[in-house]
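Welcome, and please take a moment to look over the sequence and the model shown here. The paragraphs after it will walk you through the fold one piece at a time.

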Amino acid sequence: MSLRQECINLAQRFRLGHHLESAQHLPVLIEKVLTTIPVAQHANIAGMVAAMLACQERSDWLGLADWLEGELVMLLDSATQEGRDQ
């Protein structure tokens, strides 16, 4: 399964109410993303991680799912595209 698909699947699990199990997988997923994207984009992900953690602290599971499925997937897509262009 691609990392992109993992983000989407985790977002779907948050949307379905599987908050505890999903929250345990979130740090693993973020670590995978950090090791996948170029270091130059780590500044971009820092803001996203802060926003996702803020959502988690507020128990805003739908907001967290939106970040995973929207912004994080777009970042992965752009990093993948950059890798192809080089």
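Helices (H or I, at least four residues) and strands (E, at least two) are DSSP runs, numbered from the N terminus. This is a predicted model, in which local features need pLDDT of at least 70 and side-chain atom pairs count only at pLDDT 80 or more, while totals for chains, interfaces and linings use all residues. Residues are numbered from 1 along each chain as its sequence is written, and side-chain values use heavy atoms, with hydrogens and water left out.

Let us begin with Arg15, which you will find in helix α1, residues 3–15. Its relative accessible area is 34%, so Arg15 is partly exposed; buried means under 20%, exposed over 50%, and partly exposed in between, using a 1.4 Å probe and protein chains only. Trp61 is 46 residues away from Arg15 in sequence, yet their C-alpha atoms are 6.7 Å apart in space. Setting aside residues up to four places away in sequence, Arg15 touches Leu62, Ala65, Asp66 and Glu69, where contact means heavy atoms within 4.5 Å.

Now move on to helix α2, where Ser22 has its place. With a relative accessibility of 0%, Ser22 counts as buried. Not counting residues up to four places away in sequence, Ser22 touches Leu10, Arg13 and Phe14.

How do helices α2 and α3 cross, and at roughly what angle? The axes of α2 (residues 19–36) and α3 (residues 42–57) come within 11 Å and cross at roughly 175 degrees. That makes α2 roughly antiparallel to α3. Here the axes are lines fitted to C-alpha atoms, for helices over the stretch in contact, and angles run from 0 to 180 degrees between N-to-C directions. Angles under 35 degrees count as roughly parallel, over 145 as roughly antiparallel, 65 to 115 as roughly perpendicular and the rest as oblique. On the α2 side, Ala23, Leu26, Ile30, Val33 and Leu34 meet His42, Ile45, Val49, Met52 and Gln56 of α3. The residues of this contact divide into eight nonpolar, two polar and no charged. In that count, Ala, Val, Leu, Ile, Met, Phe, Trp, Tyr, Cys and Pro are nonpolar, Asp, Glu, Lys and Arg are charged, and the others, Gly among them, are polar.

Some of these names return in the largest nonpolar core. Such a core is a set of buried Ala, Val, Leu, Ile, Met, Phe, Trp, Tyr and Cys residues joined through side-chain atoms within 4.5 Å. Of its 25 residues, Val33, Met52, Leu64, Leu68 and Leu72 touch the most other members. Two or more residues come from each of α1, α2, α3 and α4 (61–85), and α4 gives the largest share, nine residues. Leu64 is in contact with Phe14, Leu26, Met52, Cys55 and Gln56, leaving aside its neighbours within four places in sequence.

What about the cysteines? A search of the whole structure finds zero disulfides, a disulfide being a pair of cysteine sulfur atoms within 2.5 Å. Cys7 is in none, and the nearest cysteine sulfur, that of Cys55, is 15 Å away. Cys7 is buried at a relative accessible area of 0%, and Cys55 is buried at 3%.

Finally, stop at Ser59, in the loop between α3 and α4. The phi of Ser59 is near 60 degrees, a positive value in a residue other than glycine. Its relative accessible area is 45%, so Ser59 is partly exposed.
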